[in-house]
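Hi,

Here is the structure I promised to pass on. Have a look, and my notes on what turned up are just below.

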Amino acid sequence: MKHIIALCAAGLSAGLLTTSPVRAAAHDQLTIGVAQFPSTLHPDIDAEVIKAYALGFVMRQITAYDASWKNSCLLCAELPTIENGLAKVEDRPDGKKGMAVTIKLKPDLKWGDGEKVTAKDLAFTWKLARDPKTGFSNTHPWTRADKVDVVDDTTAVLHLDKVLSSYNEWDQILPEHVEGPIYDKAQASGDYIKETAYARAPTTPGLFDGPYIVTGYTSGAQIVMEPNPYWPGTKPGFKRIVLKLIENTAALQANLLSGDVDMVAGEGVGLTIDQALELQKQHPDQFTYIFKPSLTYEHIDLKVGNPILADVRVREALVYAADRKTLVDKLFQGMQPVADTWVNPLSADFASEIQHYPYDLAKAKALLAEAGWKPGPDGICRNDKGERLSLEYSTTAGNRLRELQQQVLQSNWKAAGVEVTIKNEPARTFFGETVKKRSYGALAMYAWSSNVNESPSRTLSSSQIPSEANNYGGSNYIGYSNPQMDKLIDAAEQELDPAKRKAIWANMQEIYAKDLPAMPLFFRAEPHVVPKWLAGYTPTGHGDMSSYWSENWHAQ
Amino acid sequence: MLAFTLRRMGQTLVVLLVMSFIIYGLIGLMPGDPIDIMAASMPGVTPEVVAKLRAIYGLDQPLMLRYWRWLMAALQGDLGFSRTHSQPVLEVLMPALWQTCKLMISSFVLSVIAALILGVVSALRPGGFVDSFVSLFAFAGISVPVFWLALVLILTFAVALHWLPASGMTNVGDGGFMDQVRHLTLPVLTLMLANTGQFTRYVRAAMIETLRMDFVRTAWAKGAGAWRVVIVHALRNALIPVVTIMALSFGTLFSGALVTETMFAQQGMGKMIYDSILSNDFNLALSGLLFATLITLLSNLAADLAYGWLDPRIALK
């Protein structure tokens, strides 16, 4: 008996230790570590960053912004523009102006089960998006069009109810032959969300039209993708791509070092920048490190309604007194560019000829003095009434990087005579209550994410100020209201001439820099840690992610 | 005995009902709702879309009404739909429970075996070399943070030695028995090391006390062998307080081990419950927590019944 037990133990040990996974030298599988997991793979329900990343491998948008931030075709044969006649301004029956946008799909596109991708699929997607029972929440809403004409198998004309500069930005389309019967059966509101094959049978090949299809899906654990046999484009470079969830970023790093994952996705779903920088310091030659500045704009809201901040000179002084360049250099090794407004310098609409706020302590002090704030015996400024220049500064508790930034800025402002008290809250409370209801004291630090060329309507338009009346909808958490800005936002959203549009955007940035509703800090850089042998990998820095071009990825 | 068991089962149902109300209410009182969380990652989302989504997920209804609807459906066996997994709750709960069973029961059984051996050996010569060594090991197990222990094991066995996988439940394309065992080895070892110390201390203390009792001296005097005295007479009596502790621990096993599951990317109950609470997935959080409560209550009941078996002098009324 003892011998049998000993033999079993020896066998088990040998099995455990000798059959450990050995990575194929040929690199025919790419395992990507991610720290988040999508709720479903439906492209139009529950918009999530990780979902957009995962879908990039298996589904294609009609159009997407490429790595140089230019709009381009993925499913369409030609990008609709006014110049090529595929987009036209048209008169509508109600006398207003609308647009007719012709989408010509590439002729040889197929779903993963061999069915053709057609204009009928596009019309089907539009129909679902218009149905309030489906709960669509996609990025470039299909509801912009109120009519779709299917011209032939590959051509559809979308009729927009108004003139929009975003007329040639369109998301993924859905397979009518798979989702149609499910939609027809769904009667009550929300039924479609529960029954869609993207949630209930995510390994159905006919759901996907990208270079890969999903062949394995374990909710909350991993997604396995293999080449789509009907993909007409560049042949995918891997036999298999695996997205593996490892939420703890310390464990994610250990997995990277052990070879259990080959790379960690950037795009905000992997390591934080400080972790990637540390990893680079310790293992400089083991991986390729790419730090791509993104559209995520870190800033501090300066509360409208705070009596101290009501004076623009105080707001200006705060920005002048903040040594943002040194902050970025010391904390992030200069990888995150200092921001002047919410518009990233990589954007075509970026304007450089606006007011800048370089670090200038003397100017900050002078502005404060001009605003009636004089240094007291302890160095902190006071006004005529003897009130201290004291501001409350909030952000998400437990976010180490933000807490470090707070300490640096607190110290910067103290040198200018501004007292700052830190009051942080858990992210849920901060975003769920404090920021939304503008109940923070004076300064609230967080980030905005936007799409390339997205109008700032959501964050700066007065119609988007959350209030009890609109059930706290909208994201203008600052409560910023400037009629001129409102007018420019509307104009920018409707201007079709790129040159005129750029001028409008420049005007908006100029107003923003002067009004200073928020203090710009920097644009986050996405840290991509990829294996040395991976070629064809190009991060974009915006919402149309590197995975949208994953057919170009291959081992070398 | 039967009346006692039936009465306890009735109490269990009442506790579950009260717990379901409290848990639902507490999750509902958390700031922000799931649509807010969703909207934060949706560039271009409009207040109209947010309002539409709230209506579709029923979040525009008062909390009490939502709870009442859930309760009525649950009584008919429908635990609802998980918003974050887009699947019926049972379809999410069952795989997580199975994974937790594999992970936690393995570690629990191994911990108990190790604790019984170490605790008994340690109690035989209190203050001796073996006792000191075991105590050191036990205190190390109790005091070392699980997070750190998990990282050390990953760095040793996965990163440095490449013997075992660092995370996950199976390899893609494999999933066989040995593959699952390989993936479970490090998390089970982590939990085992963390739990063994605590159990060992309980067994040691109970054994030292029991070995000093008159009936043990009598057993020695009657010439019983060491094995019979220590295991049959002393250990059986020493187990009564230990069983209470272990029964309580067994109940909590099914609420999972959040840190270990997160570190090793194991999709168990702990992580599932934690994620569902954070993302306001009411149905899933509620079902997971209620299930953990139910197992804890049943474990206590089992412990009470076990007292009667271990010591016939204890009568259950």
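Ile113(B) sits in helix H5 of chain B. In this predicted model, Ile113(B) counts as partly exposed, because its relative accessible area is 45%, a value that falls between the 20% and 50% cut-offs. This residue belongs to a nonpolar patch on the surface, together with Ile105(B), Val109(B), Ile117(B), Val121(B), Phe129(B), Val130(B) and Phe133(B). Taken together, the patch has about 760 Å² of accessible area. Which helices build it, with at least two residues from each? They are H5 (89-124) and H6 (129-143) of chain B, and H5(B) is the one that gives the most, with five residues.

If you look at contacts in chain B between residues at least 6 apart in sequence, 73% of them join residues at least 24 apart.

The average pLDDT of chain B is 84, and 92% of the residues score at least 70. For the model, ipTM is 0.73 and pTM is 0.84.

Now to chain A, starting with helix H2. Is H2 (residues 49-58) of chain A largely enclosed or largely open? It is largely enclosed by the rest of the structure, because nine of its ten residues are buried. The buried ones are Ile50(A), Lys51(A), Ala52(A), Tyr53(A), Ala54(A), Leu55(A), Gly56(A), Phe57(A) and Val58(A); note that a lysine, Lys51(A), is on that list. What do they pack against? The partners are strands of chain A: S1 (29-34), S8 (212-218), S9 (222-227), S10 (240-245) and S11 (263-264).

Next, the cysteines. There is one disulfide over all chains, formed by Cys73(A) and Cys76(A), with their sulfur atoms 2.0 Å apart. The torsion about this S-S bond is about -105 degrees, so the disulfide is left-handed. Cys76(A) is buried, because its relative accessible area is 1%, under the 20% cut-off. Another cysteine, Cys381(A), also counts as buried, because its relative accessible area is 3%.

Ala555(A) is partly exposed, because its relative accessible area is 26%. Which residues does it touch, leaving aside neighbours within four places in sequence? Ala555(A) is in contact with Ala26(A), His27(A), Phe238(A) and Trp533(A). Gly237(A) is 318 residues away from Ala555(A) along the chain, yet their C-alpha atoms are separated by 7.1 Å.

That is what I have for now.

Best wishes

Conventions
Residues numbered from 1 in each chain as written. Chains lettered and ligands numbered in written order. Predicted model: local features only at pLDDT ≥ 70, side-chain atom pairs only at ≥ 80, totals over all residues. Heavy atoms only, no water. Patch = residues over 30% accessible without salt bridge, like charges linked within 9 Å, V, L, I, M, F, W, Y side chains within 5 Å. Areas by Shrake-Rupley, 256 points an atom, 1.4 Å probe, with all protein chains shown as cover. Salt bridge = Lys/Arg side-chain N within 4 Å of Asp/Glu carboxyl O. Helix = DSSP H or I, 4+ residues; strand = E, 2+ residues; numbered from the N terminus. Buried < 20%, exposed > 50% of the residue type's maximum accessible area, 1.4 Å probe, protein only. Disulfide = S-S within 2.5 Å. Contact = heavy atoms within 4.5 Å. pLDDT = per-residue confidence, 0-100.
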